Amino acid sequence: MSFSPPLIPEVFSKLVPEPCSLVIFGATGDLTHRKLIPALYNLAVEGNLPSALNVIGVARREKSDEEFRAELKSSTSIFSRSPVDNDHWEQFSLSLSYHRGEFHTFDAYLELAKKLSDYESRHDMPANRLFYFAVAPDQFEVILHNLKQSGLSKPQENSWTRVIIEKPFGTNLQTARHLNKLVHDSFPESSTYRIDHYLGKETAQNMMVLRFANSIFEPVWNSKHIHHVQITAAEALGVEGRAGYYDQAGALRDMVQNHLLQLLTLTAMEPPMSMHADSIRDEKVKVLKSLRPLKEDAVFKNVVRAQYTEGMILNQSVLGYKKEPGVAQNSTTETYVALNIGIDNWRWAGVPFFIRAGKRMPKTGTEIAIVFKEVPPVLFNTMGHHLDANVLLIRIQPDEGISFTMSAKTPGSRLHIAPVKMDFHYTTSFAKANPEAYERLLLDAMNGDATLFARSDEVEEAWNFIDHIEEAWSVSSKDLDFYPGGSWGPESADALLHKQGANWRTLSLKNT
């Protein structure tokens, strides 16, 4: 059973940002080439960019504007969700320029300030400036310091200045607090945008609409009707050349602290007072503060960590984690983690939230499953029928959409009950393609909408929860389990749910 609303054009008043400059530190890196410039190009094609946009890429290598534009055209042709049209690209590329400079060299920032001012004067535009840190975290401090010392972080009269910072935002609570202090020394919290691309995905954004704009869901969105919640982020890929970072981070820090806890807060939050960014983020912080702390023995009872060994995916053999280039031979880094999380508030008391993230899974996908309680053991249950629980499934990626599984009688003279699914797909239900996450997030930052960005207290509360688990793990690694590549994880993760009368759902997604 499928549900397909009529294909109608989207009707809304499009909010186009004011003219501004976007300065990208780390302009020759993967993030710029794979995500940022393709996102800006698609926004330009659809007419969503400001009437005047000045994009300056900052990096250490010697490069002309023409070389920079040619390289970006080549990568955008590969990674853009829409084909690159030469006429559109020629027009868009006029906004792109390159600025060579060492991040630690103060003169490079003075030259950048002059370049910005000259452009703004020539185009009679305000000094609206958005700085994007597409660099490794160890470069944050020196860039922040030089932006402040050069005066670039201070907004000019009748203009704004903002900064976008990529994850990881710290490696624990202490480093996150230190980084927050560094940022606040240069930019106020209201001008700081900590980006999590998961929150830019359409289905994640639709969570509040699903819950608060549909009267059938909110009355049952509580412990009286919901048995448990599952949040899964599965990757078929291994570390893929990121061993230097990943072997220090692991699945808990890399995926749970930011992406999956963000999805948990959207699922569990109370209705905000308004759609204002801080009103929404206030409710998300309340959820994080309500997470039942996992400390010492509670960690080993409620958290499973594991590491993939050699296995098979799509009939191809894959290396074990310790055989991956750059991974320490005695590494105890987890590539899989599963948690049973409790939320101690009135709405969710007694409802377990199961979270798992893993590499070398059979399939790639991220989903949130709301599993409702079974019907009372009367009527059909007493007749030998096994009734599956109703499940509301929110698919975050790759096939963004929502489905609802319910029981129905199959055709025929005999009473036979089977699960059927009502399915909604973004790609087939609306007369326009889904924008990439970075398109929405860049546009929001230009417009000054911080709703989909993490606030400082949000980041710190998430790290506070994660740090207790890491502390318990640091004492002993005897609980580290193993699973073959291409499997859904260790049996110990299955047992984590069995104790609560539940089973992990199998993702019905295509391999990527």
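**Cavities, core and a loop lysine**

Helix H9 supplies five residues to the lining of the largest cavity, the largest share from any element; helices here are DSSP runs of H or I with at least four residues, strands are runs of E with at least two, and both are numbered from the N terminus. The model is a predicted one, in which local features need pLDDT of at least 70 and side-chain atom pairs count only at pLDDT 80 or more, while totals for chains, interfaces and linings use all residues. Residues are numbered from 1 along each chain as its sequence is written, and side-chain values use heavy atoms, with hydrogens and water left out.

Rolling a probe the size of a water molecule over the atoms shows where empty space is left. A cavity is taken as a set of points, on a 1 Å grid over the protein atoms alone, where a 1.4 Å probe fits but cannot get out, and its lining residues have an atom within 4 Å of a point. Grid points are joined across faces, edges and corners, and a volume is the space filled by probe spheres set on the points. Three cavities of 30 Å³ or more are present.

The largest cavity holds about 200 Å³ of space. Its lining comprises 18 residues, with Gln 257, Asn 258, Gln 262, Ala 454 and Val 459 nearest the centre. Two elements, H9 (243–268) and H14 (456–475), each give two or more residues to this lining. By class, nine of the lining residues are nonpolar, four polar and five charged; Ala, Val, Leu, Ile, Met, Phe, Trp, Tyr, Cys and Pro count as nonpolar, Asp, Glu, Lys and Arg as charged, and the others, Gly among them, as polar.

The second largest cavity has a volume of about 40 Å³. Among the residues lining it are Phe 25, His 99, Glu 102 and Tyr 109, and helix H4 (106–122) gives the largest share, three residues.

Lys 322 lies in the loop between strands S10 (316–318) and S11 (336–341). Lys 322 is partly exposed, with a relative accessible area of 28%, because that value falls between the limits for buried (under 20%) and exposed (over 50%), using a 1.4 Å probe and protein chains only.

Note on methods
On a 1 Å grid over the protein atoms alone, a cavity is a set of points where a 1.4 Å probe fits but cannot get out, and a pocket is an open set with protein on both sides within 12 Å along at least five of seven lines; lining residues have an atom within 4 Å of a point.
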